[in-house]
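Open the model in a viewer and keep the sequence panel beside it. The stops below say what to select next and what is there.

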Amino acid sequence: MYSLIEMLRYKRPEGTQTQREFCERFLEPTFGMPDIHGNYILKVGDKPNLCFAAHHDTVHNSEGMQQLIVMNEVVSVADPKTSNCLGADCTTGVYILLCMIEHGIEGVYVVHAAEEIGCRGSAALVFDDPDWLQQIDSVISFDRYGDKSIVTHQMGLRTCSDAFAKSFSDALGLPQLKGDDGGSYTDSNEYSYTISECTNISVGYYGQHTKNETQDLEYLDLLVTALLAADWSKLVFTRDPSVIDSSWSYPYKTKVTSGSWSYDNKDKDDLLDIICNYPEEVAELLKTYGFTSYSLMEECQIEDASQYSSYLDNYANRRFM
């Protein structure tokens, strides 16, 4: 029913008609209608403590349908001149969630909106703090390239413990999956300030966000088979979300106090010098990590958003004003 190949044909920049058609065809028959932020949410089981996540937008620079090639268990775009990427990020994640739902795996399933333009859907959902979120111990995104990663750090900060990463690999019986402290940024990161274990799992795509993007179907089949047979009771939850733990070369660790971070001052002057001397390079890096102007202000807790109002959506305005 949920043919990954057919799903990959939809080019879905946020807010486009093709994205709406995709959601109507592949998500709404299972999830029903989305919340006010465009997120699709489904609870399977009585009191699930795991949240499985993906997102339904892509980074295509135009909407519509694309032609694909499947060769030697690898999917790619038929004509790179007509499409800037495959969109396996995060179509493959959506496919995985639908497979797990179909087989009755307990969990709260969330397919977020607007991940590719700053994780707006997930940020809004976390801000709303729904009741089901109080019982969640882990948010597991399926939005990582390759076939080896259980992401433990996003944007250089720990979002998942090494113990959880090891237990996840054991639960699936996939020893090739190992902790990876080089994660960038996806929806699970938005939950990391309140939820213990927030990670991102390799789903077998490569060259994401480029015309050379591919999806490895053989690994995907291996992963889905393992997820459907997983022993979820093996998972351990040890990370304290109130502790900020960095993987950067200069160590700092501190507590969240009164809703804000209290940073050590070590190397702060050096960072300021880098930002002042190389503003374009820093801005490009932040853009690569998925930041928009409003999401950066949100992370820095800058409340005066008036001069950037053209970049704010309804959620941002509601939060800052």
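## Nonpolar cores

Select Phe142, Phe168, Leu172 and Trp232: of the 55 residues in the largest nonpolar core of this predicted model, these four touch the most other members.

Leaving aside neighbours within four places in sequence, phenylalanine 168 is in contact with Ile140, Ile150, Leu177, Ile201, Leu227, Trp232 and Leu235. Another core lies apart from the largest one; it has 13 residues, among them Val126, Val139, Tyr191 and Cys198.

## Strand 8 and its partners

Select residues 138–144, which make up strand 8. All 7 of the 7 residues in strand 8 are buried, so the strand is largely enclosed by the rest of the structure. On strand 8, look for two pairings. Strand 3 (residues 50–55) pairs with strand 8 in the parallel sense over 4 bridges, and alanine 53 stands opposite serine 141 there. Strand 13 (residues 197–202) also runs parallel to strand 8, joined to it by 5 bridges; here arginine 144 stands opposite serine 202.

Now pick serine 138, in strand 8. Is serine 138 buried or exposed? Its relative accessibility is 0%, so serine 138 counts as buried. Beyond four places in sequence, serine 138 touches Asn49, Leu50, Cys51, Phe164, Ile195, Glu197 and Phe237.

## Helix 4

Move to residues 120–128, helix 4, where 7 of the 9 residues are buried. Those to colour as buried are Arg120, Gly121, Ser122, Ala123, Ala124, Leu125 and Val126. After helix 4 comes aspartate 129, with a positive phi near 50°.

Next, show strands 5, 6, 15 and 14. These 4 strands form an open sheet in the order 5-6-15-14, with antiparallel pairing. Strand 5 (68–71) and strand 14 (205–206) are the edge strands, each pairing on one side only. Within the sheet, strand 6 (residues 74–77) and strand 15 (residues 214–216) run antiparallel and are joined by 3 bridges; serine 76 stands opposite threonine 214 in strand 15.

## Salt bridges

The whole structure holds 7 salt bridges. Select these in turn:

- Aspartate 147 and lysine 148 meet through their side chains at 3.0 Å, N to O. Aspartate 147 is buried at 17% relative accessible area, whereas lysine 148 is exposed at 54%.
- Arginine 158 and aspartate 245 form a salt bridge, with the closest N and O atoms 3.4 Å apart. The pair links distant parts of the chain, 87 residues apart: arginine 158 is in strand 11 and aspartate 245 in strand 16. Arginine 158 counts as buried, at 19% relative accessibility.
- Lysine 166 and aspartate 170 meet at 2.8 Å, N to O. They are 4 residues apart in helix 5 (residues 162–172), so about one helical turn separates them. Aspartate 170 is partly exposed, at 35%.
- Glu6, Arg9 and Arg25 are linked in a network of salt bridges.

## Confidence

Finish by colouring by pLDDT. The protein chain averages 87, and 83% of the residues score at least 70. Over residues 249–263 the pLDDT is below 50, and this stretch has 30 contacts in the model beyond near neighbours in sequence. Residues 305–321 also stay under 50, with 31 contacts beyond four places in sequence.

Definitions and conventions. Residues are numbered from 1 along each chain as its sequence is written. This is a predicted model: local features need pLDDT of at least 70, side-chain atom pairs count only at pLDDT 80 or more; totals for chains, interfaces and linings use all residues. Side-chain values use heavy atoms; hydrogens and water are left out. Buried means under 20% relative accessible area, exposed over 50%, partly exposed in between (1.4 Å probe, protein chains only). Contact means heavy atoms within 4.5 Å. Two strands pair if DSSP finds at least two bridges between them. pLDDT is the predictor's confidence in each residue, from 0 to 100. A nonpolar core is a set of buried Ala, Val, Leu, Ile, Met, Phe, Trp, Tyr and Cys residues joined through side-chain atoms within 4.5 Å. A salt bridge is a side-chain nitrogen of Lys or Arg within 4 Å of a carboxyl oxygen of Asp or Glu.
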